[in-house]
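Have it open and read along.

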Amino acid sequence: MKFFIDTANLAQIKEAQELGILDGVTTNPSLMAKEGIKGIDAIKKHYVDICNIVDGDVSAEVISTDLAGMIKEGEEFAALHPQIVVKVPMIPEGIKAIKYFTGKGIRTNCTLVFSAGQALLAAKAGASYVSPFIGRLDDVSTDGLGLIEDIRLIYDNYGFDTEILAASVRHPMHIIECAKIGADVITGPLSAITALAKHPLTDTGLATFLADAKKFA
Ligand code: E4P
């Protein structure tokens, strides 16, 4: 199972990289705006900066919604660095763009996926990753993890290579349940990943061991 961090914040990306368990980064226009990255040149430089911190895949999202625009943006992003994966929204023009990029050997992440049917289309177009947003589904009283189960079943039925990237992960239980279902990747905030390490019995156990060790020092 791969762990991606969902942020454009370089300090957090470095912190996650230093943990030694980071496999990649996802970004989106909202996360770039949050970091104050404005203008296409600054955006491209930021993607390269991220690629230079992490070893794995870095999703760069197109903002055009027409095929020609998505192709232009995606080809420019893909040329920036071999680690770049072009992130394309699940809209009809996006499906065409994914099919085009697949034919050109450019890897893609199909984003804003909220149903099994959308995930099926992404796989048929040849997407490298599909990003179902589980947290946002939970937010509207719909079972996000149930969607991951459905996509896993469908992809396994037909042997699709598209990796299931469970996105909009909000907390450690999302990660554990995704691991049980067999999602290929999760992406979320660093806090959800580091929360996996926490357990009160670990803390009290360590405190006791350290106190006892002093008795023999
Ligand atoms: C996916 O790639 C998105 O960037 C992301 O996971 C969305 O998460 P959010 O619902 O917490 O904004």
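What follows is a walk around the ligand, then a look at a few residues in the strands and loops.

Keep in mind that this is a predicted model.

**The ligand and its shell**

Let's start with where the ligand goes: it sits in the largest pocket. Around it you'll find D6, T26, N28, K87, F133, R136, A167, S168, R170 and T187. Sorted by class, that shell has four charged residues, four polar ones and two nonpolar ones.

| Side chain | Ligand atom | Distance |
|---|---|---|
| D6 | oxygen | 2.8 Å |
| R136 | oxygen | 2.7 Å |
| R170 | oxygen | 2.9 Å |

How much of the ligand's accessible area does the protein cover? On its own the ligand has 340 Å² of accessible area, and the protein covers 85% of that.

**T187 and D6**

T187 is one of the residues around the ligand, and its place is in strand β8, which runs over residues 185–188. Is T187 buried or exposed? Its relative accessible area is 2%, so T187 is buried, the cut-off being under 20%. The T187 side chain also reaches the backbone nitrogen of D6, at 3.4 Å. D6, in turn, has a polar side-chain atom 2.8 Å from a ligand oxygen.

S168, another member of the shell, is in the loop between β7 (163–166) and α9 (172–181). Its phi is near 60 degrees, a positive value in a residue other than glycine. With a relative accessible area of 10%, S168 is buried.

L112 also has a phi near 60 degrees, again positive and again in a residue other than glycine. This one is placed in strand β5, residues 108–113.

**Y129 and K87**

Last stop: Y129, which is in strand β6 (residues 129–132). Y129 counts as buried because its relative accessibility is 3%, and buried means under 20%. How far apart are Y129 and K87 in sequence and in space? They are 42 residues apart along the chain, with their C-alpha atoms 9.0 Å apart. K87 itself belongs to the set of residues around the ligand.

Notes
Residues numbered from 1 in each chain as written. Predicted model: local features only at pLDDT ≥ 70, side-chain atom pairs only at ≥ 80, totals over all residues. Heavy atoms only, no water. Near = heavy atom within 4 Å. Polar contact = N/O pair within 3.5 Å; in protein donor to acceptor, adjacent residues only side chain to side chain. Areas by Shrake-Rupley, 256 points an atom, 1.4 Å probe, with all protein chains shown as cover. 1 Å grid on protein atoms, 1.4 Å probe; cavity = no way out; pocket = protein on both sides within 12 Å on 5 of 7 lines; lining within 4 Å. Sits in = over half its atoms within 2 Å of the grid points. Nonpolar A, V, L, I, M, F, W, Y, C, P; charged D, E, K, R; others polar. Helix = DSSP H or I, 4+ residues; strand = E, 2+ residues; numbered from the N terminus. Buried < 20%, exposed > 50% of the residue type's maximum accessible area, 1.4 Å probe, protein only.
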